Amino acid sequence: MIPAQKLSGFHRQGHAWFCNAGLPSDITISIEDITFHLHMFPLISRCRKIARSHEESKNTKGKTLTIELEEFPGGPDIFLIVAKFCYGFRVELTARNVALVYCAADYLEMTDEFGEDNLLPKSESFFHKSVLHNWKECILALQSSEPVLPRAEKLQLVSKCLNSLSMMACTDPSLFGWPMKMYGSFQSPGGSILWNGINTGARIRSSESDWWFEDISYLSVSLFERLIKTMQKRGIRPENLVGAIMYYSRKHLPGLGRWRGEQGGKTRTVASFSLSPATVDQKVLLESIEKLLPEKKGESFCRFLLGLLRVALILNVNQTCKDSLERRIGMQLDLATLDSLLIPTYSDSDTLYNTGCIERIVHYFITIESNLTAFSPSSLEMQASPSPESLRKVAKLIDSYIAEIASDANLKPEPVRALAEALPDPSRSLHDGLYRALDIYFQAHPCVSDKEKEELCNIIEFRKLSIDACAHASQNKRLPLRVVLQVLYFEQMHLRSALTGCLNTLDGEIAPTAAVAATSLGDTAGEIVQRDGWVKFVHENKVLKVDMNRISSRVGELEEEFSKIKQEMKTVTKSHSSFSSPRLIARKFGCKLVPRPSDAQPESLNRSGSVERARRSLKSRHSESFS
């Protein structure tokens, strides 16, 4: 049986190729480590470069001409296709080899001047008619041009492929009509793939705006970057470009898979099965991707940026890239979530989380927040929030972040204070979240001194604590005494304001606005009163309690004395029946004249009434002074 390579007109022996013409070769072409033993006439009749080398050579007849082709496009495999074409054998041009053959024909100057229907115009015609109008073929040709990129750029092959791809990406595939040859196979009007006119039942998701994400993800970083820029110039919607960038990044940066959210991977298209996966340098990819990202806002986009920042810290990309990612995240920090902010420390630091990075992001949020309305909100999920609302969201987010990282045993008070003070005062309407975070930190770090605790507690505005938070703080043994006194004072101010409001509502004497004014007045007074006033107030309460106890004991003594007098009166009444005359008894014992029981009873009753009135008067005066 004849070998297949002999039927094609050439056969290989080791590192050498020979023609099966049966004539001795008179020219040797050397490419890399492969040599081709060919004949002069077929080559010089098609290739200007070889013909010029033959004319310049001084070889006499009978000697073999040796030519070394340096940096030949496509290497020995493509030159074999060129040799077959020169010998008149059938050559099959495909999307995979047309760019290489085109560049090789240009390298050898195989124009129409050296033969009609030469290889250069033939490959050019195939490229324009069969490649540029087909999505799959165009992707394959662009990917295969990677090894000969400088020459392909010179011949404008790359730019033509990029323009064609961008045009097809921004055009609805359903507008192409039926039958549509989009992925190398005809489709029915319903979108099913036809094979030899038979409906296979397989469907292509060509009606969605993201149908091309999977295919372009097989391109190299440089070609992908150029394609995105070409699409931007053509006016493709920004959310589609961001979606393509996110898809490409998640495919080649495995670390982003954790922060993918609800968005899953897409089904492979028919074209992707013919493509070869691109070899990507992750560090170069991340630095290139960052430059392609638009200045937009969005919840999924913010989550994606935080994922990129994590990977950037792991890969240790250049500082410019890190700063740009932090700035982009800061512009939309109000759309971030707590779990995405928990960025671990990938350096030699003792702490678990990178608090310095979050502090810089908050700084960017404060400085760039006022300019967010200048960005176009026309894209998907990209809306600029009102400044006060976004400030409150970020304040709540940062308080939750501090509470989450507070359990880190190596976390120092300085980063906690820096994060808490990073936001302006109006950003927190209530300081309950900040108090909770600091309380968790004090509980996890019992060795923190009272001075450091006071410095952290000074960040809290106690007048902005709710009644429940004040009640908890007043009984919190982890807080310094001075802080507890402040909480007690403002707790009393809250209660006084609440009581005033209730009384005004019940009595109906003061309008509802007066209650608000009273609350504001109480808050203002609370700001003026200093620590000495709080101590004096507590001291007065203690003095009143002591006076109350003293008065109660005195009233008890008076009641005991009154009961003794009553007992004596009963004894005198009983003894009256045994003696005829009390006056005689008095004279007998040498005592003074005592009054009769009938005379003494009104006096004793008057005395008991006066004691009872004194007791009630003391109690009423004490109650009034205490209240």
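Start with helices H20 and H22, which are roughly parallel to each other (roughly parallel is an angle under 35 degrees, roughly antiparallel over 145, roughly perpendicular 65 to 115, and the rest oblique). This is a predicted model, in which local features need pLDDT of at least 70 and side-chain atom pairs count only at pLDDT 80 or more, while totals for chains, interfaces and linings use all residues. Residues are numbered from 1 along each chain as its sequence is written, and side-chain values use heavy atoms, with hydrogens and water left out.

**Stop 1: H20 and H22**

Select residues 432-444 for H20 and residues 467-474 for H22; the two pack at an angle of about 25°, with their axes 10 Å apart. Helices (H or I, at least four residues) and strands (E, at least two) are DSSP runs, numbered from the N terminus. Axes are lines fitted to C-alpha atoms, for helices over the stretch in contact, and angles run from 0 to 180 degrees between N-to-C directions. H20 passes H22 in a left-handed crossing (the near helix is turned anticlockwise from the far one by less than a right angle; clockwise is right-handed).

Now show side chains. Asp432, Tyr435 and Asp439 in H20 meet Ala469, His472 and Ala473 in H22, contact being heavy atoms within 4.5 Å. The residues of this contact divide into three nonpolar, one polar and two charged. Here Ala, Val, Leu, Ile, Met, Phe, Trp, Tyr, Cys and Pro count as nonpolar, Asp, Glu, Lys and Arg as charged, and the others, Gly among them, as polar.

**Stop 2: Glu421**

Select Glu421, which lies in helix H19 (residues 413-421). Glu421 is partly exposed, with a relative accessible area of 43% (buried is under 20%, exposed over 50%, partly exposed in between, with a 1.4 Å probe and protein chains only).

**Stop 3: H4 and H5**

Select residues 75-86 for H4 and residues 98-108 for H5; their axes come within 10 Å and cross at roughly 70°. That makes H4 roughly perpendicular to H5. The crossing of H4 and H5 is right-handed. On H4, pick Ile78, Phe79, Ile81 and Val82; on H5, pick Leu100, Val101, Ala104 and Leu108, which together make the contact. By class, the contact of H4 with H5 has eight nonpolar, no polar and no charged residues.

**Stop 4: the whole chain**

Zoom out to the protein chain, with its 27 helices and nine strands. Of its 627 residues, 42% are buried.
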